[in-house]
Amino acid sequence: MTGLEVTDPVPLPPFEVAPGGRAVTSGTRRCVQAMSATAQRMSSHTAPPGWDDAQAVTAQHVLTGTVRDLEAAEAALHTGLTVLDAYLDRTDELRAEHENHQSTRTQLSRDIADFRGQAAGHTAAERSDLAATAVALRGRVDDFDRQVSAWQERLTAAEDRLIAGLAKADTLKEGHGLVARAPDEAALLRQLADLDRSDPTTVATWWASLTRAEREALKMADPEAIGSLDGIAVADRDEANRLALDALRTHLDDKREAGTLTAADRDTLDKISTVQKALDRTDGLQIEGRVVTSYLLLFDPETANGDGFAAVAYGNPETADHVSINVPGLTSTVNTFGGVSQDALNVLRSASAQTDGSVASIAWLGYDAPDAEGILDPNRGERLTAKLDALGVGNEQKAAAGAAVHPEAGRANLTVIGHSYGSTTTGKAAGDFDMDSDNVVLVGSPGPGRGNVHASDLRGTVYVGSADDDPVTRLGNGGSIGLGVDPASAEFGAIRFRVENQEAFSLSGSGLLAGLENHVSYFDSRREMQEEGRALRDSASLGDIGKVVVDRGGEVDVVPGRTGSSIDWWGEQAQDHPSYRAAGAVGEAVTDHLRRRFLPGVGQ
Amino acid sequence: MAELDMLPFEVLRAGRTWRGLGEDVEQARSYLRDASSAAPELGPRVAGAVSRFFGAWEGEMSARVRAASANGEMLDAAAGIYVAHDQQSAQDLRSLLPWSDYAAICRKPVTAPITSLTADPLDALGEAP
C-alpha cells in the first residue's frame, strides 16, 4: 500500500426504461376512455339503481351484469393507469439522474486515470500533494458509489410499487371493489365548470390539489377542456391533447371507411398528420446526451377560420433552465406547422450544444397569422403575451403556476423568437402588451409593430437578425403604412447579429427566389443544408440564436445596424430592373409594390 | 292485423345493442393490446407484471366480446323464428277470413319478406338505428 491507491467507481447499472414507455399509458388511457363511453352508452339498457335491492332480478339481467363488469374493468384499468403514470413520472426523474451519473462517472474515471499517470512517476517531493489528491478522489468515488446505490434503491422501490399496484387490480373481483373508490367524475367536472379559468395560477393550484387518479379521470372525461386549459401541468395537457387528437383521428378514419369524409374532414386529417409528425420528431431522439420529449400543448384544428392553432414543446418548459418560443409568420396554419416545428427543433439543437443546462423549445402557432388577404388582428400580440404566461414560462407565472406543479423548478431564461410577421406579433407583445420575456429575437422582420420605434420600447433584451438580401426585412421604414421601423436599423438600437445571405437578391427571376430563400434560412442547420445539397455549415444566425436562448447573448457576432433607408435600397434594386427603370419607378413605389406582394392588406 | 305489426322490434333492437356492445369492447381491447405491446419498454423487472395485468383484462374483455356476439346472434335467431312464425300465422289467419276482409288486412303488405337475417333486419325494414 502506497497510500496513493484509488479504486474505480462502481459501474453504473443500465437504465432500461425507454421513453417510449409512455405508449403504455396512452394506450391504456384510450382503452379506459372507450370503456367508459361504452358503459355510459349502455347504462340506459341496464336495471336502474332502484333495482339494486332486488338482487335476484338484477343478477339475472345479463346486460346489467355485463355493463357492471365493464365498469369494474374500467375502474381496474384506471387504477393500473394511475400507478403506471406514477411509475413513468418517477422513471423520468431517474433517467435524468442516470444521465448525470453517467457524466459524473466519465469525468471521475478520467480524473483517476490522470492521477494514476501522475502517481506512476512521482517524486518524493510530489508525494504529499498526490496523497491529498488521492484522498479527494477516494472521497469522490465514495460519494459516487453511494449516489448510485441510492439511485438503484429508488428504481427498485418504483418498480416494486408498480408491481404491487397492478397486482391489486388484476381480477374482476378487485375491479368491482374499485368501482366505489373511483373518482367522482361528475363532481370533478362540476369543479372544473366552477373554476376561474381566466387565472392560470388558480387553475394550477387546483390541478395540483387533485389526486393523480382524479387528474386522470378529468383528462379522459373532457380531454379538449383539460388540454387547452391554461395552468394545467404541461405533461397532463400533452396527454389530454393527444387523447383528443387520437379520438378525432379515429372518428375521421371511421368516416373515411364509411365513405362520408368531407373536404373539411380531409383538411383536418392533414392537420392531424402534420402535428403528429411534429410530435414524432423526438422518437428516439437524444440531443447532447439528453432524451428529448415532445409535448402537445395546444391543438385546435377548427379555430382561426379553419387555420387552426397548435403548439408543440421539445423538452418540458416547466422544468427547463432555458425556454425558447418560435412564433411563425404570414400564412402560417396548422397545415404548415412542419416548418416552425423544424425551426424550433433546430433552435433546441443549437442552444443545447452551448450550455450544460436544460433547454425546452416551443413551436407556437396560437394566433391567427395573416393569410393571403392579410387582415391584421390588433390582438395578436396580446394573445401571445397571455399564452406565454399561461404556459407557465412567463417570469411571473413561472414563480406561481409552474411552481405549483414543479416546486423544484426555478425561473427559466425565456426567449421569444419571431420570424417574419411573427416578429411583428412578438414585437407588439413585448412592446404593447408587456410580454415578460428576458430576450426578444426578431428575424426576417418587416417591422416590430408601429409605435415601437426603439428597442427600449420592448421589454427584454432585443436581438435582430436580418439578412442584407432578405427583401422582407426592407419593408419596415416607419412610414405611415407598414409594420413599423426596420428593427435592423442602427436607429432602432437592437443588438444586430450576423446573418449570411444564401444568394444575392434582385427583382427578377432567380434573384427573387434567392431573396425568399434568404428569408427562410435563419434557422437552417447543417443537417438540413446537407440534405438539400447546400454549403455544409450551421447558419451563423442559428448559432447566435442558440447563444441568446442559453443566456449567452453577450457572445453573439454583432454587426452594425443599417444606416441607409429601405426606400433607397429598393431604389437601388429598381435601377437594375428594366421594367421598373422604364416606368421611372423610384424606391418608394417598389417598396409599396413589394409590401403588397409580401404583406397584402397590411396597413391599407 | 298486418304482418309488420307483429315484428318483434324489441328483439331486433336488443340484438343490435349486443352486437354494438361487442364491437365497442373489441375496439377498447385493441387499444389495450397496443398498450400491452409496449410493456417491454418499461424495463425487464416490471415488464412481466405489466403484461400479466394487461393479459388479465384483455382476457376479460375478450370474454365479454364473445358473449355479446353470441347474445346478438341468439336474439337475431329468435327474431327470425318470430318473423317466420308471424308470417305463417298471418297467412293461416288470412285463409280463414271472408274474401271481403282478406284484402283489408293486407293494406301494409311486406314487399321484401324477411326470410334471412344474415343482414341487419332493422336495416331491411328501414328502421333507423
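## Close-up views of a predicted two-chain model

**View 1. The side chain of A:Thr355 reaches the backbone nitrogen of A:Gly357 at 2.9 Å.** This polar contact is a pair of N or O atoms within 3.5 Å; within protein, one atom must be able to donate a hydrogen and the other to accept it, and residues adjacent in sequence count only if both atoms are side-chain atoms. A:Thr355 lies in the loop between α12 (337–352) and β6 (359–365) of chain A. Helices (H or I, at least four residues) and strands (E, at least two) are DSSP runs, numbered from the N terminus. Leaving aside residues up to four places away in sequence, A:Thr355 touches A:His322 and A:Val550, where contact means heavy atoms within 4.5 Å.

The model is predicted: local features need pLDDT of at least 70, and side-chain atom pairs count only at pLDDT 80 or more, whereas totals for chains, interfaces and linings use all residues. Residues are numbered from 1 along each chain as its sequence is written, chains are lettered from A and ligands numbered from 1 in the order in which they are written, and side-chain values use heavy atoms, with hydrogens and water left out.

**View 2. Chain A and chain B bury about 2900 Å² between them, 75% of it on carbon and sulfur atoms.** Buried area is the accessible area (1.4 Å probe) that two parts lose on being put together, summed over both. A:Val24, A:Leu77 and A:Leu166 provide 15% of the area that chain A buries against chain B, more than any other three residues. The contact draws 41 residues from chain A and 27 residues from chain B.

**View 3. A:Arg41 forms a salt bridge with B:Asp24, with the closest N and O atoms 2.4 Å apart.** A salt bridge is a side-chain nitrogen of Lys or Arg within 4 Å of a carboxyl oxygen of Asp or Glu. Four salt bridges are counted between chain A and chain B, along with eight residue pairs in polar contact (both at pLDDT 80 or more). On the side of chain A that touches chain B, α1 (22–42), α3 (62–120) and α4 (127–167) each supply at least two residues. The most comes from α3(A), with 13 residues. By class, this side of chain A has 23 nonpolar, 11 polar and seven charged residues; Ala, Val, Leu, Ile, Met, Phe, Trp, Tyr, Cys and Pro count as nonpolar, Asp, Glu, Lys and Arg as charged, and the others, Gly among them, as polar.

**View 4. The axes of α3(A) and helix α5 (residues 172–179) of chain A come within 7 Å and cross at roughly 85 degrees.** The two helices are therefore roughly perpendicular, a term for angles of 65 to 115 degrees; angles under 35 count as roughly parallel, over 145 as roughly antiparallel and the rest as oblique. Axes are lines fitted to C-alpha atoms, for helices over the stretch in contact, and angles run from 0 to 180 degrees between N-to-C directions. Residues in this contact include A:Arg68 and A:Asp69 of α3(A) and A:Leu172 and A:His176 of α5(A).

**View 5. A:Arg90 and A:Glu93 join their side chains in a salt bridge (2.6 Å, N to O).** About one helical turn separates A:Arg90 and A:Glu93, because they are three residues apart in helix α3 of chain A.
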